[in-house]
Amino acid sequence: MSATRRIHWMKYASASNFYPLANRLAPIFMGLAVVLAVIGLYIGFFVAPVDYQQGNSYRIMFLHVPAAWMSMFIYLLLAMYAIISLVWRVKMADIMAYSLAPTGAMFTFIALLTGALWGRPTWGTYWIWDARLTSELLLLFLYLGYMGLYSAIPDRQRASRAASFLAIVGIVNVPIIYFSVIWWNTLHQGSSFSVSEGASMTSDMLSALLLMTFACWAYTIAIVLRRAQAVILERKKVALWASQISKNKET
Amino acid sequence: MLWKLFSRDMTLFMHRKQDVVTVLGFFLIAVALFPLGISSDPELLKTIAPGAIWIAALFSTVLALDRLFSEDLDDGTLEQQMLMPVPIALLLLVRLVAHWVITGLPLVLLAPLMGLQFGLAFNEIVILTLSLLIGTPVLVLLGAIGAALTVGLKSSGGLVTLLLLPLYVPLLILGTSAVTSAMNGVDVTAHFSLMGAALLVSLVLSPFAVATALKITLD
């Protein structure tokens with residue numbers, strides 16, 4: 001008799017296995033996110049010292065920087081899931097990509113908005129067309145394009161494949177966007193403001209920044225898992241296990 | 001065989017000239033709207049000329065892309081063409097070249113006229129025309145990807161533009177900054193090198209991308 005148990009590497013690629021896991025994990029991560037955010041914001045707003053250059057207005061960095069990092073990383077994750085979905089036809093990967101997109105777009109928007117609010121007191125303007133801001137704006141368009149294409153095509157399978165393809169083509173665009181930061185500076189000899197967040201950051205600021213980053217990560221995981229659960233219930237309506245859960249939710 | 005494909009597209013165009021004339025008319029009007037809407041101050045016009053003409057060319061290209069696949073999809077020719085024993089990428093390359101000759105080349109030929117309307121000097125007009133000559137094929141090649149993904153959609157509207165914008169923006173910046181640099185006496189070799197590189201890369205890779213996109217669209 002064989003006593004070896006096979007490792008089910010692809011266990012959670014099945015929606016019926018994924019759903020209970022997500023159900024258990026999401027509240028944990030959401031709780032973690034809240035705790036980390038509270039601590040991070042407390043340190044950022046009350047403990048970290050006043051910046052000698054920017055006064056108190058720099059404190060929006062504690063939301064702006066994590067949001068910008070998340071916006072970029074979530075896009076890479078989305079593109080990775082798109083590749084898995086397109087190449088190996090794993091439906092769960094497509095569900096994950098679809099669930100990541102709104103959160104990524106939200107963080108991109110927050111990055112742009114908080115950046116504008118930060119720019120007003122420090123640069124004197126809400127917006128400037130330098131390479132970094134413009135590339136963040138283009139990232140927002142990439143997200144919106146993905147979501148827009150997905151919802152514009154009525155046939156779900158074609159929609160998922162078309163949107164995944166678009167996301168992958170978008171990856172090709174990301175290095176172009178980031179190289180343009182270099183090219184643009186050599187082609188347009190104009191000034192490009194680079195906000196110095198400082199190699200000289202006090203440990204308080206650094207810890208607040210890291211805490212907020214982890215908080216954003218935990219929030220992303222929680223919310224994407226929840227969204228994926230909702231998408232699964234909607235798409236697997238016909239499956240017995242899914243309809244049971246939906247009925248329980250309704251009662 | 002390839003010549004037959006090319007001449008087929010040309011013949012279709014001759015039968016339906018009004019499609020192309022519409023696109024050209026749009027280009028002319030869009031360019032005219034800038035001085036009308038902003039200001040007709042000659043100094044200002046010289047500053048906005050490259051951007052205005054390039055943006056109008058961009059929108060005209062997107063408008064023309066609509067017609068790239070839609071009719072062939074409607075009457076089933078597109079699916080038949082996908083089944084031909086010719087490599088689809090090659091077929092598409094011929095299609096796209098023909099499409100550029102029909103819709104992009106007239107824009108390039110009209111560009112000097114637009115430049116004159118904005119009061120550009122001779123060498124600036126030359127740079128402008130050259131930048132469009134290299135840039136419009138890239139717009140067509142990249143735009144075909146967006147057109148292939150959205151062909152046949154009823155509610156696509158401005159979706160194609162949204163999809164193509166991140167791909168178009170670097171090219172737009174390169175093209176307009178080439179002309180602006182010419183105005184300021186700065187060397188333009190770098191701009192044209194990058195645009196040329198974009199053209200070569202998209203010539204090689206875009207047909208395959210469009211083929212994949214069409215396969216996704218047609219199942």
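**Figure 1. Chain B reads α-α-α-α-α-α-α-α along its sequence.** In this predicted model, the secondary structure of chain B amounts to eight helices and zero strands. Among the helices of chain B are α4, covering residues 77-82, and α6, covering residues 122-150.

**Figure 2. Overall dimensions of chain B.** Along the principal axes, the C-alpha atoms of chain B occupy a box of roughly 55 × 35 × 30 Å. The radius of gyration of chain B is 18 Å, which agrees with a compact globule, because 219 residues packed in that way would give a value near 17 Å.

**Figure 3. Burial and contacts within chain B.** Of the 219 residues in chain B, 45% are buried. Taking the contacts in chain B between residues at least 6 apart in sequence, 78% link residues at least 24 apart.

**Figure 4. The contact between chain A and chain B.** Chain A supplies 21 residues to this contact and chain B supplies 22 residues. On the chain A side, the elements that give two or more residues are α4 (131-152) and α5 (156-187) of chain A. Helix α5 of chain A gives the most, with eleven residues. By class, the chain A side of the contact comprises 13 nonpolar, six polar and two charged residues.

**Figure 5. Confidence of the prediction.** The mean pLDDT of chain B is 88, and 99% of its residues score at least 70. Within chain B, confidence is lowest in helix α4 (residues 77-82), with a mean of 79, and highest in helix α6 (residues 122-150), with 93. Where pLDDT is low, the predicted coordinates should not be read in detail. The model has an ipTM of 0.83 and a pTM of 0.85.

Methods:
Residues are numbered from 1 along each chain as its sequence is written. Chains are lettered from A and ligands numbered from 1 in the order in which they are written. This is a predicted model: local features need pLDDT of at least 70, side-chain atom pairs count only at pLDDT 80 or more; totals for chains, interfaces and linings use all residues. pLDDT is the predictor's confidence in each residue, from 0 to 100. Helices (H or I, at least four residues) and strands (E, at least two) are DSSP runs, numbered from the N terminus. Two residues are in contact if their C-beta atoms, placed from the backbone, lie within 7 Å. Ala, Val, Leu, Ile, Met, Phe, Trp, Tyr, Cys and Pro count as nonpolar, Asp, Glu, Lys and Arg as charged, and the others, Gly among them, as polar. The radius of gyration is taken over C-alpha atoms; the globule rule is 2.2 Å times the number of residues to the power 0.38. A residue is buried if 20 or more other C-beta atoms lie within 10 Å of its own, exposed if 12 or fewer, and partly exposed in between; C-beta atoms are placed from the backbone.
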